[in-house]
Amino acid sequence: MSQCPVIELRDVRFRWSSRSSFAISVPELQIEQGETVLLLGESGSGKSTLLSLMCGTVLADSGEVNVGGTNLNSLSGWARDRFRAEQIGIIFQQFNLLPFGTVLDNILLPLKFAPKRRARCPDAAAKAIEMCKLLGLPEGVEKSKAANLSVGQQQRVAVVRALIGEPPILIADEPTSSLDETSQENFLDLLFAQVAAQKSTLLMVSHDPRLASRFDRVVYMKDVVSVEGRQA
Ligand code: ADP
Ligand code: MG
């Protein structure tokens, strides 16, 4: 593992809006390249907010968020969207699949906005179909509408979409919260096998401490993030 932080936050402060009662500050947080990190914290502790800052979907009010050595505040909105698509595969809690798109449409979507990621995966449709098979999805699933899949199947599609084109960073926001324990284990086996094969950095958020043993490192929200309570 190299000692170059792939994600680095310094003296970050963020409030959703001037009227919002919820504000966070992060003095320092580093994720090294190739690490698998579990970020644990209670519901409402700001986990998804922190991921939004790392993905550049929101910007810090002050301080620095560096991803792959780039300060997200230095990019225009358009450049930040492209940077995110190139660098980060994201698995959302509710998967965020386009319900009326086919499975293949959904998986290939991030590549549309990310030419370098697309170039790493010249035969993307074939790769997508191969990965679906690897994750135990039924043959021909790529032609199904996402809305017609079970929750477990949608989750696997969300994983393939995050992994396609081998983005250097994978961010997963409570991806196991809607699964029973056996499905959780299967899901994590598949995710970790893929992360190892692609040598990606994995940051996964959860409120479930039982997942800790699988990861290189556990980061507790209360140790890295201060929540500034202010009445709205
Ligand atoms: P967690 O993921 O740990 O459950 P969140 O980051 O989702 O926590 O939420 C932390 C706080 O930020 C909550 O008070 C929530 O209402 C607020 N919040 C989250 N997303 C938004 C948003 N898009 N706009 C305004 N406030 C938000
Ligand atoms: Mg959340």
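A residue is near a molecule if one of its heavy atoms lies within 4 Å of it. In this predicted model, ligand 1 is surrounded by W16, F22, E42, S43, G44, S45, G46, K47, S48 and T49. Residues are numbered from 1 along each chain as its sequence is written, and ligands are numbered from 1 in the order in which they are written. Local features need pLDDT of at least 70, side-chain atom pairs count only at pLDDT 80 or more, and side-chain values use heavy atoms.

By class, the shell has two nonpolar, six polar and two charged residues; Gly counts as polar.

Polar contacts are pairs of N or O atoms within 3.5 Å. A polar side-chain atom of W16 lies 3.2 Å from a nitrogen atom of ligand 1. A polar backbone atom of G44 is 2.7 Å from an oxygen atom of the ligand. For a polar backbone atom of S45, the distance to a ligand oxygen atom is 3.2 Å. Taken alone, ligand 1 exposes 560 Å², an accessible area from the Shrake-Rupley method with a 1.4 Å probe. The protein buries 57% of that.

Terms used. Polar contact = N/O pair within 3.5 Å; in protein donor to acceptor, adjacent residues only side chain to side chain.
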